[in-house]
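This report describes a protein model for a reader who is new to structural terms. Please keep the sequence and the structure in view while reading.

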Amino acid sequence: MTRRAAGEHRVAGERRATGDRVNGERPGNGSLEEPVRQRLLAEATRLFAERGFESTSVQEIVAAAGVTKGAMYHYFDSKDDLLHEIYARVLRLQMERLNRFADAEGPVADRLHAAAMDVVVTTVDNLDDSKIFFRSMHQLAPETYKSVRAERRRYHERFRDLVVEGQRDGVFRDDIPAEMVVDFFFGSVHHLGTWYHPDGPLTGQEVGRHFADLLLNSLRP
């Protein structure tokens, strides 16, 4: 651990031990905690986008959010945790929605189309978060990086299960491994941040529909 990181964790421990006040109130007041947490995430997202993850300090984040370092360390152990959460909150939303589509009634082709369209729309709706994360994820601590990869893997495997179900039922072609189908599709989704712009000719819904149509057409027997 670097001297700087050690200092950050020492301050975090001191703040937790002394019950540092968060925005004027002690931690545990749910009505005040969430706005502070959201401000920290919003300012971290903005600063990471403007300056880059590596060039943004914890002090700059807390100053922009109008809180103390102790308040930040109540919610996040480190700057790594902030970067992780920027992406994790999007992934949690996508996982919750994917489970809903996967567990719904109806033909597997319809459920896969809905899931494929949704992951594009939710990525576009949170494009800054996704761009920042994929640009900076290599700078995460090894254990955090490993955790993120595991979370993404669970999402991809749930999505893959829909492809496997369709292949098993004869709805989708089975001469292409489901794993390869998923890798190809999500490679395109992760590339959205390099070309999509909200002011462009297509809405997120339209891009999502095109992506989902292309996926389903490629899986026809």
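Directly after helix 8, Gly170 adopts a positive phi of about 80°. Helices, like strands, are DSSP runs (H or I with at least four residues for helices, E with at least two for strands), and they are numbered from the N terminus. The model is predicted, so local features need pLDDT of at least 70 and side-chain atom pairs count only at pLDDT 80 or more, while totals for chains, interfaces and linings use all residues. Residues are numbered from 1 along each chain as its sequence is written, and side-chain values use heavy atoms, with hydrogens and water left out.

Helix 8 has 27 residues and spans 38 Å from its first C-alpha to its last, close to the 39 Å expected at 1.5 Å a residue. The expected span of a helix is defined as 1.5 Å times one less than its number of residues. Among the residues of helix 8 that are buried are Thr144, Val148, Arg152, Tyr155, Phe159, Leu162 and Val163. Here, buried means under 20% relative accessible area, exposed means over 50%, and partly exposed lies in between (1.4 Å probe, protein chains only). An α-helix has 3.6 residues a turn, so residues three or four places apart point the same way.

What do the buried residues of helix 8 pack against? Their partners are helix 5 (79-103), helix 6, helix 7, helix 9 (178-190) and helix 10 (204-218).

Arg160 also belongs to helix 8 (residues 142-168), and it is partly exposed, with a relative accessible area of 23%. When neighbours within four places in sequence are left aside, Arg160 is in contact with Arg153, Ala178, Glu179 and Val182; contact means heavy atoms within 4.5 Å. Arg160 and Val181 are 21 residues apart in sequence, and their C-alpha atoms are 8.0 Å apart in space.

## The protein as a whole

The protein contains 10 helices and zero strands. Of its 221 residues, 43% are buried. Among contacts with a separation of 6 or more, 68% join residues 24 or more positions apart. The protein exposes about 11,800 Å², of which carbon and sulfur atoms supply 51%. These accessible areas come from the Shrake-Rupley method with a 1.4 Å probe; for residues, only the protein chains shown count as cover.

A nonpolar core is a set of buried Ala, Val, Leu, Ile, Met, Phe, Trp, Tyr and Cys residues joined through side-chain atoms within 4.5 Å. The largest such core has 59 residues, and those with the most contacts inside it are Leu40, Leu112, Val120, Phe159, Phe185, Leu192 and Leu215. Helix 6 contributes the largest share of this core, 10 residues.

Helix 6 (residues 108-125) consists of 18 residues and reaches 25 Å from its first C-alpha to its last, close to the 26 Å expected at 1.5 Å a residue. This helix is mostly covered, with 14 of its 18 residues buried.

Leu40, apart from its neighbours within four places in sequence, is in contact with Ile61, Val62, Ala65, Val67, Ala71, Met72, Tyr75, Phe76 and Leu82.

## Aromatic rings

How many aromatic pairs does the structure hold? There are eight aromatic pairs. Rings of Phe, Tyr and Trp (its six-membered ring) pair if their centres lie within 6.5 Å; planes under 30 degrees apart count as stacked, over 60 as edge-to-face and the rest as tilted. Two of the pairs are listed here.

| Pair | Centre to centre | Angle between planes | Type |
|---|---|---|---|
| Phe185 and Phe186 | 5.3 Å | 85° | edge-to-face |
| Trp195 and Tyr196 | 6.0 Å | 80° | edge-to-face |

Phe185 and Phe186 are both buried. In the other pair, Trp195 is partly exposed, with a relative accessible area of 43%, whereas Tyr196 is buried, at 8%. Ring pairs also link Tyr155, Phe159, Phe185, Phe186 and Phe211 into a cluster.

Beyond its neighbours within four places in sequence, Ser136 is in contact with Phe53 and Leu83.

Gly66 lies in the loop between helix 3 (58-65) and helix 4 (69-75). At 55% relative accessibility, Gly66 counts as exposed. The C-alpha atoms of Gly66 and Val36 are separated by 8.9 Å, although the two residues are 30 residues apart along the chain.
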